[in-house]
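Welcome, and please open your viewer with the selection panel at hand. We will go from stop to stop, picking a few residues each time.

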Amino acid sequence: MDDIVITGYGIKAPGILDKHSFLNVLEKGICTQRILNNAHQPQANIVAGVIDQNFQEINGVNYRRHPRSVRMAIAAALDAIEMANLKDVQPHRIAVIMGTSAGAILEIEKYAADGFDLRKFPIHGVALVDTHTLSSSVAEAIGSCGSAFTVTTGCSASLDAILIGKQLLQSGSVDACIVGGTEAPLGQWTINGFKKLRSLSTESSIEKAGVPFSTLHQGFVLSEGAGVMILERKQTANARGQSIYGKVERVISRNEGQKLLNSDSTGRHMLDVFQETVGDTRPSYINSQALGIALNDQIERFILKETFGSNVPITSIKGMIGHAFGAMGAMQIISALLSMEYGFIPPTIKTLGHGFEDIPIVYETRHQAVESVCITTHGSSGNNACLLLTHT
């Protein structure tokens, strides 16, 4: 079976607009979060991962009517396309598979009051509630006319997009896949929703909010951003003389089959996915989903201990950039690509590991050769997804 490799990527995240700014944040362990002010309720200010740019104009093209999440995805996709030098691949042989959870929730909130007034209703209102606007707009922006799919499986969405892309490439249906995820969830619907579930951090201190691997803290930091990668068969990439940044060894995704808002508290579902993904490989480290939610982080500890004991390092980048739902898996993969290329394990910042002393959390940047990384994601929709990435 053909090896599936990554030949380009683009990222837009808090304090990060390209490969080099992301490398700087990861290697130095920089927290890019800030206070998101609520103009109407100052007491409701939260710590969040915010991107300053609006991406309304990209390369001279006006995308003002597109949802913010779509605009970020287009900007990241164009960077990935340039890095992968895909100009010689036929447009109908390029697929686009993008993931999201919140979709255009910001714009839906904005126009909700006008929903019953035809005169005020926006001309692009239908496109806002059609989540597939995401992948179709990315396809238009990059000039592809192959398959296009939008995946809405919560926090596992971008790994699920990669799973689909890998299968399309291995079947020979396409020659390249644009895959990843994007989120712009910093609106009151999302904030109030996760506050109601008591899973969003309400800390007013940036250093105390969204602390991974700590029983002294509770709640995650909500973030926005996009991560996009180019997948190809290794044979195709080599024939084009294209640089290869990593190989997607395996991606496994399964749903727990739980009731609404429930999840498997035993961690057994996630354990099965994790162990099947790593197989016989002992990865250089785990790039973890851990984000500051007690049950989530305890499951991450459980699957590591059950599989490798304390012999494989684990880290989380959520203390730096927060958690961007369906885009986060793609961001974790891109961080792993950088750590393989530049030889380091990024640190888990903010935490001292209270209650997690029995696992080898990486607290300071560790410079070493990185040959393989396992990425873990799981979300409120019940999907558990893991990906094993290796150095080629």
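Start by selecting Gln56, Arg64, Arg65, His66, Pro67, Arg71, Leu106, Glu107, Lys110, Tyr111, His124 and Leu128, which line the second largest pocket. Here a pocket is an open set of points on a 1 Å grid over the protein atoms alone, where a 1.4 Å probe fits, with protein on both sides within 12 Å along at least five of seven lines; lining residues have an atom within 4 Å of a point. The model is predicted, so to say: local features need pLDDT of at least 70, side-chain atom pairs count only at pLDDT 80 or more, and totals for chains, interfaces and linings use all residues. Residues are numbered from 1 along each chain as its sequence is written, and side-chain values use heavy atoms, with hydrogens and water left out.

This pocket holds about 180 Å³ of space, a volume being the space filled by probe spheres set on the points, which are joined across faces, edges and corners. Colour its lining by class and you get four nonpolar, three polar and five charged residues. (Ala, Val, Leu, Ile, Met, Phe, Trp, Tyr, Cys and Pro count as nonpolar, Asp, Glu, Lys and Arg as charged, and the others, Gly among them, as polar.) Helix α3 (residues 105–111) supplies the largest share, four residues; helices (H or I, at least four residues) and strands (E, at least two) are DSSP runs, numbered from the N terminus.

Next, select Phe194, Leu197, Gly379, Ser380 and Ser381, which lie nearest the centre of the largest pocket, among its 38 lining residues. Its space comes to about 940 Å³. α7 (188–196) and α10 are the elements that give two or more residues to this lining, and α7 gives the most, with four.

Now show the strands. Ten of them form an open sheet in the order β7-β6-β8-β10-β1-β11-β17-β16-β12-β13, with mixed pairing; two strands pair if DSSP finds at least two bridges between them. β7 (148–151) and β13 (314–315) are at the edges with a single partner strand each, so one side of each has no neighbour in the sheet.
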